[in-house]
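Open the model in your viewer and keep the selection panel at hand. The tour goes from one selection to the next.

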Amino acid sequence: MARGTPRSRAALHPGTSKTAGTSKTKSTSKGEAKQKGDTKPKGGAKAQRTPRSGRGPLRVLAQLLAMLCAFAFMVAFAVVLAKLTLQPSPASEALTHTNLRPGSSLRAYLDQPELRDAVRQIGGNLLLGVPFGILVPVLAPKARGVLRVLLLTATVMLLVEFAQGALVTGRAFDIDDVILNTTGALIGYLLLGRRLSRAVHARESRS
């Protein structure tokens, strides 16, 4: 009787190859898990990424104080504006007239014999608009921007001029005053209002 060919070791012991393969895969998976675990940031990295909690309350308090100061200045400015524009002037009733043509009053101011009178008229109207360009962006963050500030200033000054012409003795509506006031608001916004608004509402703009 002929001897059979010797079987392979794997054939004689079929369970050994499977267990060896599974043990190898388990060891490799554990090694990969360790490598992945090493890539996680440690506690020091987490502490560095977390923002400082001490700046939050101080930032909010400074923002509230800035807005309260701006509101107080705006109220004071409104009182001064009302006294300057809505106070009756019976002595100048015969001299005042309504002006709907842009540039007409400006030419009259510049044609005055003394330069001081022209500077007082033009400079006074410009100064009346400067607080709008400074305070409005601080009080109302949504009103930031050149066009919004100019539109708001022009609207308020138009209402003031209409009230002057219709209700106040010795006062008249003048479109050039509205133009000068709006120009003053533009100057105030470009010089200081834009920077103050960004400083006060820095967190809102970042978010």
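Start by selecting Leu126. Leaving out residues up to four places away in sequence, Leu126 touches Leu180, Thr183 and Gly184. A contact here means heavy atoms within 4.5 Å. Leu126 sits in helix α6. Helices are DSSP runs of H or I with at least four residues, strands are runs of E with at least two, and both are numbered from the N terminus. Now draw a C-alpha to C-alpha distance from Leu126 to Gly184: 4.3 Å in space, across 58 residues in sequence. Leu126 is partly exposed, because its relative accessible area is 23%. The cut-offs are under 20% for buried, over 50% for exposed and partly exposed in between, with a 1.4 Å probe and protein chains only.

**Ground rules**

This is a predicted model: local features need pLDDT of at least 70, side-chain atom pairs count only at pLDDT 80 or more, and totals for chains, interfaces and linings use all residues. Residues are numbered from 1 along each chain as its sequence is written, and side-chain values use heavy atoms, with hydrogens and water left out.

**Colour by confidence**

Colour the chain by pLDDT, the predictor's confidence in each residue, from 0 to 100. The mean for the protein is 76, and 69% of its residues reach 70 or more. Select helix α1, residues 9-12: among the elements, its mean pLDDT is the lowest, at 46. Then select helix α8, residues 175-200, which has the highest mean, 92. Go back to residues 1-6. Their pLDDT is below 50, and beyond near neighbours in sequence this stretch has 0 contacts in the model. Residues 8-13 also stay under 50, with 1 contact beyond four places in sequence. Where pLDDT is low, predicted coordinates should not be read in detail.

**The whole fold**

Zoom out and show the cartoon. The protein has 9 helices and 0 strands. Of its 207 residues, 27% count as buried. Take the contacts with a separation of 6 or more: 79% of them join residues 24 or more positions apart.

Which residues does Thr182 contact, leaving aside neighbours within four places in sequence? They are Leu150, Thr153 and Ala154. Thr182 lies in helix α8. Thr182 counts as buried because its relative accessible area is 14%.

Select Ala154 next, in helix α7. With neighbours within four places in sequence left aside, Ala154 is in contact with Val178 and Thr182. From Ala154 to Asp177 the C-alpha to C-alpha distance is 10.0 Å, at 23 residues apart in sequence.

Now pick Leu151, also placed in helix α7. Is Leu151 buried or exposed? Leu151 is exposed, because its relative accessibility is 58%. Leu151 and Thr182 are 8.3 Å apart, C-alpha to C-alpha, and 31 residues apart in sequence.

**The largest pocket**

Last stop. The largest pocket has a volume of about 800 Å³. Of the 30 residues that line this pocket, select the closest to its centre: Tyr109, Gln121, Asn125, Arg171 and Asp177. A pocket is an open set of points on a 1 Å grid over the protein atoms alone, where a 1.4 Å probe fits, with protein on both sides within 12 Å along at least five of seven lines; lining residues have an atom within 4 Å of a point. The volume is the space filled by probe spheres set on the points, which are joined across faces, edges and corners.

Colour the lining by helix. α4 (55-85), α5 (104-110), α6 (115-139), α7 (146-167) and α8 each supply at least two residues. The largest share, 5 residues, comes from α6.
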